[in-house]
Amino acid sequence: MRRHRGLKSFYTALVLIFLYAPIATLMVLSFNSSKSRSHWGGFTLDWYASLISDDAITTAFSNTIIIALLSALIATVFGTLACLGMMSMRKRYRALIMGMTNIPMLNADIVTGISLMLLFIACRATMGAATVLMAHITFNIPLSYKFCLWFL
């Protein structure tokens, strides 16, 4: 029993190292003054200064924050309304709807994203901030709905 616990702990540590070591490496190398990843040239913040001074990057960052906040807010409202509506359903219908709402959470994100893109193309929608916002809301509604169910 103890041996299995030790193996599980070792395996968990190995998985966490493989997941987080590349992120830690990138974080450290982002402060490297050398352009080479194999040579440490000293500590610098120049890369971050050039990142902040790039208009395309700052515009993309601000658009990302706006889309994230709007989609989270709208999905939370719709998810909460759906959750409250589900609580008034009969048990059989509620189980059916809950099973259907699990599909987007079990489906791969890339499949859902490509499906939404094909839907927008079929509807001749102009690709832009509105379609990105609708797609993010679609991703977030099942999560906000499930989160609301935990509290009821």
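Which residues do ring pairs link into a cluster? Ring pairs join F31, F43 and Y48 into a cluster, where rings of Phe, Tyr and Trp (its six-membered ring) pair if their centres lie within 6.5 Å. The model is predicted, so that local features need pLDDT of at least 70 and side-chain atom pairs count only at pLDDT 80 or more, while totals for chains, interfaces and linings use all residues. Residues are numbered from 1 along each chain as its sequence is written, and side-chain values use heavy atoms, with hydrogens and water left out.

## The aromatic cluster

The structure holds 2 aromatic pairs, and the angle between the planes gives each pair its class: under 30 degrees counts as stacked, over 60 as edge-to-face and the rest as tilted.

| Pair | Class | Centre to centre | Angle between planes |
|---|---|---|---|
| F31 and F43 | stacked | 5.2 Å | 15° |
| F31 and Y48 | tilted | 5.3 Å | 40° |

Both F31 and F43 lie in the loop between helix 1 (2-29) and helix 2 (46-53), so their pair ties together parts that are 12 residues apart in sequence. Helices here are DSSP runs (H or I, at least four residues), numbered from the N terminus.

F43 counts as exposed because its relative accessibility is 61%.

## A nonpolar patch on the surface

F43 and Y48 are also among the members of a nonpolar patch on the surface, which consists of V28, W40, F43, L45, W47, Y48, L51, I52 and I57 and has about 920 Å² of accessible area together. Such a patch is made of residues with over 30% relative accessible area and no salt bridge, with nonpolar side chains (Val, Leu, Ile, Met, Phe, Trp, Tyr) joined within 5 Å. A salt bridge, in turn, is a side-chain nitrogen of Lys or Arg within 4 Å of a carboxyl oxygen of Asp or Glu. Accessible areas come from the Shrake-Rupley method with a 1.4 Å probe. Helix 2 provides the largest share of the patch, 4 residues, whereas V28 lies in helix 1.

D46 is also placed in helix 2, and this residue counts as exposed because its relative accessibility is 55%. The C-alpha atoms of D46 and G99, which are 53 residues apart along the chain, are separated by 51 Å.

## The largest nonpolar core

The largest nonpolar core has 5 residues, namely C83, M86, Y145, C148 and L149. A core of this kind is a set of buried Ala, Val, Leu, Ile, Met, Phe, Trp, Tyr and Cys residues joined through side-chain atoms within 4.5 Å. The elements that give two or more residues to this core are helix 3 (55-87) and helix 6 (129-151), and the largest share, 3 residues, comes from helix 6. Apart from residues up to four places away in sequence, C148 touches T80 and C83, where contact means heavy atoms within 4.5 Å.

Helix 3 also holds L81, which is exposed because its relative accessible area is 51%. The C-alpha atoms of L81 and V15 are separated by 39 Å, and the two residues are 66 residues apart along the chain.

T112 is placed in helix 5 (residues 109-122) and counts as buried because its relative accessibility is 14%. Not counting residues up to four places away in sequence, T112 touches N107 and F139.

The loop between helix 5 and helix 6 holds R124, which counts as exposed because its relative accessibility is 76%. Most residues other than glycine have a negative phi. The phi of R124, however, is near 55°, a positive value in a residue other than glycine.

M127 also lies in the loop between helix 5 and helix 6, and it counts as partly exposed because its relative accessibility is 44%. Leaving aside neighbours within four places in sequence, M127 is in contact with M117, F120 and I121. M127 and F43 are 84 residues apart in sequence and 41 Å apart in space, C-alpha to C-alpha.

Technical notes
Buried means under 20% relative accessible area, exposed over 50%, partly exposed in between (1.4 Å probe, protein chains only). Patches are made of residues with over 30% relative accessible area and no salt bridge: like charges are joined within 9 Å, nonpolar side chains (Val, Leu, Ile, Met, Phe, Trp, Tyr) within 5 Å.
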